[in-house]
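Open your viewer and get ready to click along. We will go from one group of side chains to the next.

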Amino acid sequence: MRWLMTLGERTRPETPTYAECPGPNEARAVALVDDCGQLFPVLLAWRRALGCEVTGWAEQVEADDVENLPQDVTDDWGPGLRLDTMPGGYVKVSDYRDHQPPDAVTAGPRMLMR
């Protein structure tokens, strides 16, 4: 099992905490890592590259290659973790694995930035 994370877009300026939850095939950036702890530096790298606070959506998956994800992973995308970058380099983690997220949800790290 590995961790897959997609970059969530904050498309509603009037609601700064809203972040869309794109599937792996629609996201601007995707990362596949071996350990949950590896998600944090990836998320902070996305923040540095994009120059703003960002949100990542993550889920444990069975996959070996970020560019050739199994169809069940892409079809059933429903991440259980939300990771939000915060001022000062902090990351806030929200765990939705035991319940439904709010309506906001419509060998080393491997990343794909689009």
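Select Arg 97 and Asp 95: their side chains meet in a salt bridge, 2.7 Å from N to O. The term salt bridge stands for a side-chain nitrogen of Lys or Arg within 4 Å of a carboxyl oxygen of Asp or Glu. Arg 97 is exposed, with a relative accessible area of 52%, while Asp 95 is partly exposed at 36%. Here buried means under 20% relative accessible area, exposed over 50%, and partly exposed in between (1.4 Å probe, protein chains only).

Salt bridges that share partners also join Arg 10, Arg 82 and Asp 84 into one network. Zoom in on Asp 84 and Arg 82, whose salt bridge spans 2.8 Å, N to O; both residues are buried.

A word on what you are viewing: this is a predicted model, where local features need pLDDT of at least 70 and side-chain atom pairs count only at pLDDT 80 or more, while totals for chains, interfaces and linings use all residues. Residues are numbered from 1 along each chain as its sequence is written, and side-chain values use heavy atoms, with hydrogens and water left out.

Next, pick Glu 9 and Arg 28, which form a salt bridge at 3.2 Å, N to O. Both lie in the loop between strand E1 (2-8) and strand E2 (29-33), so the pair ties together parts 19 residues apart in sequence. Strands are DSSP runs (E, at least two residues), numbered from the N terminus.

Last stop: which residue lies over the face of Tyr 18? Select Arg 12, which is 4.0 Å from the ring centre. A charge sits over a ring if NZ of Lys or CZ of Arg is within 6 Å of the ring centre and within 35 degrees of the ring normal.

Key
Helix = DSSP H or I, 4+ residues; strand = E, 2+ residues; numbered from the N terminus.
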